[in-house]
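Subject: Structure for your review

Dear colleague,

Please find below the structure that I am handing over to you. My notes on it follow.

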Amino acid sequence: MYRAAWTLVALPLLVAAFTVGRPAPLPQPPLPPSFDGETATALANDFARLYPYRSPGSQDATGAARWVAEQLAQYNLNVELQHVSADIPGLGEVPLTNVIARPLRVGPERSPEVILVLAHRDNLDVSAGVDDNASGTAALIELARNLSAVTVSHTIVFVSTDGGAYGGHGAAAVAQLPELTGRVLAVVNLDALAGSGRPRLEFAGDRSRSPAGVLLATAEASILEQAQVEAGFPSSTEQLLDLAFPFSLYEQAPFLGRRSSAVTLTSAGSRPPSPEDEAALDADALEALGRAAQALITSVDTAAEVARGTDSFVYLGGRYVRGFAIQFVFLVALIPVLLTTIDLFARLRRRGIRLGPALRSYRSRLLVWCWAGGLAALFTAVGLFPNGAPRPIAPDTDPAQHWPFAAIAGLAALSAAGWFVARVRLIPRAPVERSDELAGHLVAMLALCLVALTLAVTNAFSLVFVLPSLHAWLWAPHVRGGALVSRVALYAAGFAGPVGLLISFAIRFDLGLDAPWYVATLFTVGYAPLVLFLTFLPWAAAAGQIGAMLFGRYAPHPEGPLSGPVRDRVRRALYASGR
């Protein structure tokens, strides 16, 4: 039945093949961009020299905001300051200032839609931030000088954000402005433009959304035209993980989360450059990416009808696989497991094999994991784990790099105490019948199926994390009596989804062994999807039950519905006091 059901997967694969899109880039502007690299380089060096330590709330941050506002005001722009605050892990509640520059006069012939040009100006106070992001700030000012002097079809708004180096707090505040709701045509974010790396596009969002395909194609064509090199972008696997676990360290993310088409131009990778490794500006790179940004903005302004909105897809360069086709493949991949699990349930019922003890065994494991999850939430609420605004934590800051070992040890000890209370009824005290093991396996698979269906409803891309466990652990009864290496290999295969996510963070974002802790902080600050945390608990309980069965440690729970390990201890204590 399992093998036969796999033939159904051919249909969505065929659908995916026939839904590959090929977005045509918008025409490049007829006149070459007027972006002046020498002027931008001089601005970046002056800015970094005058205000080298621009972390939010600092004296230099105030001076930097004033300096940028004065620069933008020279170009016939109405400059406003947006004052907000954010709870940033490691800094606490700090004030943020966004500098927003709009045209002084907007004629009736202009479209009401807005093109946002964005760059953060703060840094981590480790270095002067010449590349990250004095280069982007200088490019923003130079683009304002050039674009404010020409006739455009849309309102172009220039925004210098605060808190960008700490997770995009300023950009998130701009994205929530009521006057921009439903009016943002496209967002072009400029970040670390003057590094030695290959020009690159970043386009992951806070939600499972992608920018308009034509915006990416046009950005790629603009970079090729101006920098004479093909733009880099995340691999297909990395993009799939970004859809399954939305995350980005760049400021296009909050706009995509609010369904505004946005893209970042950078010379760095998926992680902005470390301030400790900062080198001198590459003036040629700054000029090339500045010209590419101007060409992109001009192209979108002149032919905007096909550049708006968001979608979900995996971009392959010149073509993309639509998100609904990928989700369809994942959903159909559930069918073999669902059918086989239902068939196993029917067979056990026909043979009169009781599921109650197996259900109680799973319940005990689930309660232990809920106990651990509740403790983690409590530790976060009292400040033992990082908490704050729901934005990514900067990888180069203490909260991301320094594990709170005392708090983690306390959580582990209390979680272990909960396990020792529950394990009394889960230890095999006599040989376990094969039918009992099958019942335990069935209950675990039913729990995994419910987890998968929950993810399918909330974000079908997230099924990539549980499909390996569903398909690998389905075969656990077949290898139960086999060699140890076979059982270990099968069990380990089920962890491919979560482990793959951690490996991706470790390598792609250069987090190394800090990746598990960093991913955990995304949950404690509320940035990562809550549904993933809630579904992890029953998934982990099912993993424990499968592991116990595979390695001979499974036992059906012998208690009735009104008994339990805690009640037994209370009962024994009461009997002892009575004697």
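Which residues are buried in α20? They are G497, L501, S504, F505, A506 and R508, where buried means under 20% relative accessible area with a 1.4 Å probe and protein chains only.

Please note that this is a predicted model, in which local features need pLDDT of at least 70 and side-chain atom pairs count only at pLDDT 80 or more, while totals for chains, interfaces and linings use all residues. Residues are numbered from 1 along each chain as its sequence is written, and side-chain values use heavy atoms, with hydrogens and water left out.

The buried residues of α20 pack against β6 (200-202), α8 (236-244), α17 (467-473) and α21 (515-524); contact means heavy atoms within 4.5 Å. Helices (H or I, at least four residues) and strands (E, at least two) are DSSP runs, numbered from the N terminus. Helix α20 (residues 496-508) has 13 residues and should span 18 Å at 1.5 Å a residue, which agrees with the 17 Å between its end C-alpha atoms. The expected span is 1.5 Å times one less than the number of residues. After α20 comes D510, with a positive phi near 55°.

For helix α13 (residues 356-381), the 26 residues should span 38 Å at 1.5 Å a residue, and the end C-alpha atoms are 36 Å apart, in agreement. G383 follows α13 and has a positive phi, near 90°.

**Helices α5 and α10**

The axes of α5 (residues 130-147) and α10 (residues 283-302) come within 10 Å and cross at roughly 45°. That makes α5 oblique to α10, since angles under 35 degrees count as roughly parallel, over 145 as roughly antiparallel, 65 to 115 as roughly perpendicular and the rest as oblique. On the α5 side, the contact is made by S135, A139, L143, N146 and L147, and on the α10 side by L286, G290, A293, Q294, I297 and T298. These residues divide into six nonpolar, five polar and no charged.

Helix α10 also holds A295, which is buried at 0% relative accessibility. Not counting residues up to four places away in sequence, A295 touches Q28, P29, P33, S222 and Q226. A295 and S222 are 73 residues apart in sequence, yet their C-alpha atoms are 6.1 Å apart in space.

**Strand β9**

T310 lies in strand β9 (residues 310-311) and is buried, with a relative accessible area of 16%. Leaving aside neighbours within four places in sequence, T310 is in contact with R209, S210, L256, R259, S260 and S261.

With kind regards

Terms used: Axes fitted to C-alpha atoms, helices over the stretch in contact; angles between N-to-C directions. Nonpolar A, V, L, I, M, F, W, Y, C, P; charged D, E, K, R; others polar. Buried < 20%, exposed > 50% of the residue type's maximum accessible area, 1.4 Å probe, protein only.
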